[in-house]
Amino acid sequence: MFYNNQLSNEKQTYKNNLQIIGSLSNLFSDSKIPYLYYRIAEKLFCSSFYANDLSRGDVALDAIKNNMGIGLKTFLANNNKSFQKVAEFNKDKNLYENKEPKDLIRIISKLRNKRIEFVENLYNIEKSIYHCVVRDNETFSIHEEYMNIIDIKNIQDIKKIRNSIKFNDNLNEYSFNISKSTLTKRFITTNPIDTFNVKILLNPLEEIKDCLLDSNLIDNTNKILKTIYLPLYGKNKTVHERSGLNQWNANGRNRDINEVYIPIPALIHKQENNFFPERDHPFNLKLPNGKILVSKVCQDNSKALMSHSNKELGKWLLRDVLKLKEEKLLTYEMLQIIGVDSVRIDKIDNDNYEINFAALGSYENYIDDK
């Protein structure tokens with residue numbers, strides 16, 4: 001799928017990096033099973049294989065390379081048939097609370113599928129897989145399998161057992177934990193594509209105490225100066241019918257069907273008054289797919305983030321990513337289904353910015369933390 005198609009030196013680098021981190025396990029545990037924090041696993045994967053790191057994007061995938069999306073996981077081998085978390089739906093409880101098991105599972109499956117389709121549209125991904133580092137006694141194993149959407153028409157064997165609902169779709173087995181709002185999937189890891197030993201250092205602190213961090217390992221080529229979050233909705237969590245992402249539907253002059261703007265609340269200008277350039281001053285806005293849109297802050301009180309050609313941002317957002325048909329109004333409920341209602345804007349310098357989608361509640365959490 002992915003691993004076996006990579007260059008031999010990149011695979012060796014990846015294994016060496018995993019072995020180095022695994023060797024430090026006694027810093028965290030006395031177990032013979034090497035410890036691997038999932039965030040470190042993500043970083044090692046992306047740096048070893050020169051993959052794009054999506055972990056800050058609040059999406060269903062962690063990395064992308066050559067139009068392949070990758071969900072990265074690390075877990076204990078146990079019986080090699082364990083259930084592992086693949087999605088969380090805490091912020092969607094109002095959509096499925098108090099539903100019968102059959103209806104609840106259909107809703108959760110739809111949400112899961114929509115979020116996979118959303119991120120694949122966002123990054124022009126052709127197919128997605130799971131890449132797993134499975135941990136056992138002094139070994140790491142590599143397991144990969146396709147990240148299938150749930151075949152809703154073939155859902156069967158729905159069984160509620162205490163606080164969980166188990167089901168399958170003839171492809172995979174799933175279990176939804178009601179109290180934790182988490183969907184887990186069974187991973188069969190009996191036939192790994194690679195296995196290698198990890199030598200756990202007895203006294204790792206003694207081994208590394210004289211080592212200094214090589215500053216050349218830090219990539220400063222794309223340093224982020226500051227980050228803000230913007231809502232994709234207006235007051236009362238409403239995507240208004242004639243403004244914002246539905247600006248194309250506004251009264252007055254004739255508008256392009258893709259004309260939109262992302263609202264910039266007055267509070268953002270008050271708290272971060274030097275984040276954006278002055279009104280109508282053009283700057284580069286890099287999309288998650290790598291395309292750069294010449295953009296600007298405009299309208300009264302600089303309340304709108306728009307592309308310089310006022311249809312480009314909407315074409316990307318409404319058509320390419322959200323797959324909305326022309327003349328169909330965007331609603332907050334649509335955003336809730338795919339699990340995003342905000343965007344993250346990273347400032348690289350005064351002329352260059354990057355945009356990405358952010359999870360439900362990201363703008364509110366950002367404001368609350370100020």
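# Exercises on cavities and helix packing

The second largest cavity is lined by R112, Y130, M147, N148, I150, N172, Y174, L183 and K185. The model is predicted: local features need pLDDT of at least 70, side-chain atom pairs count only at pLDDT 80 or more, and totals for chains, interfaces and linings use all residues. Residues are numbered from 1 along each chain as its sequence is written, and side-chain values use heavy atoms, leaving out hydrogens and water.

## Exercise 1

Task: Describe the second largest cavity by its volume and by the classes of its lining residues.

Solution: 
Step 1. A cavity is a set of points, on a 1 Å grid over the protein atoms alone, where a 1.4 Å probe fits but cannot get out; lining residues have an atom within 4 Å of a point.
Step 2. A volume is the space filled by probe spheres set on the points, with grid points joined across faces, edges and corners. For the second largest cavity the value is about 50 Å³.
Step 3. Ala, Val, Leu, Ile, Met, Phe, Trp, Tyr, Cys and Pro count as nonpolar, Asp, Glu, Lys and Arg as charged, and the others, Gly among them, as polar.

## Exercise 2

Task: State the volume of the largest cavity and identify its lining.

Solution: 
Step 1. The volume of the largest cavity is about 70 Å³.
Step 2. Its lining consists of Y14, Y38, A41, E42, L72, K73, T74, H131 and V133.
Step 3. Two or more of these residues come from each of helix 2 (38–49), strand 3 (68–76) and strand 5 (127–136). Helices (H or I, at least four residues) and strands (E, at least two) are DSSP runs, numbered from the N terminus.

## Exercise 3

Task: Determine how helix 1 and helix 2 are oriented to each other and which residues meet.

Solution: 
Step 1. Helix 1 (residues 8–23) packs with helix 2 at an angle of about 155 degrees, and the axes are 9 Å apart. Axes are lines fitted to C-alpha atoms, for helices over the stretch in contact, and angles run from 0 to 180 degrees between N-to-C directions.
Step 2. Angles over 145 degrees count as roughly antiparallel; helix 1 and helix 2 are therefore roughly antiparallel.
Step 3. In helix 1, E10, K11, T13, Y14, N17, L18 and I21 meet I40, L44, F45, S48 and F49 of helix 2. Contact means heavy atoms within 4.5 Å.
Step 4. The residues of this contact comprise seven nonpolar, three polar and two charged.

Methods. On a 1 Å grid over the protein atoms alone, a cavity is a set of points where a 1.4 Å probe fits but cannot get out, and a pocket is an open set with protein on both sides within 12 Å along at least five of seven lines; lining residues have an atom within 4 Å of a point. Angles under 35 degrees count as roughly parallel, over 145 as roughly antiparallel, 65 to 115 as roughly perpendicular and the rest as oblique.
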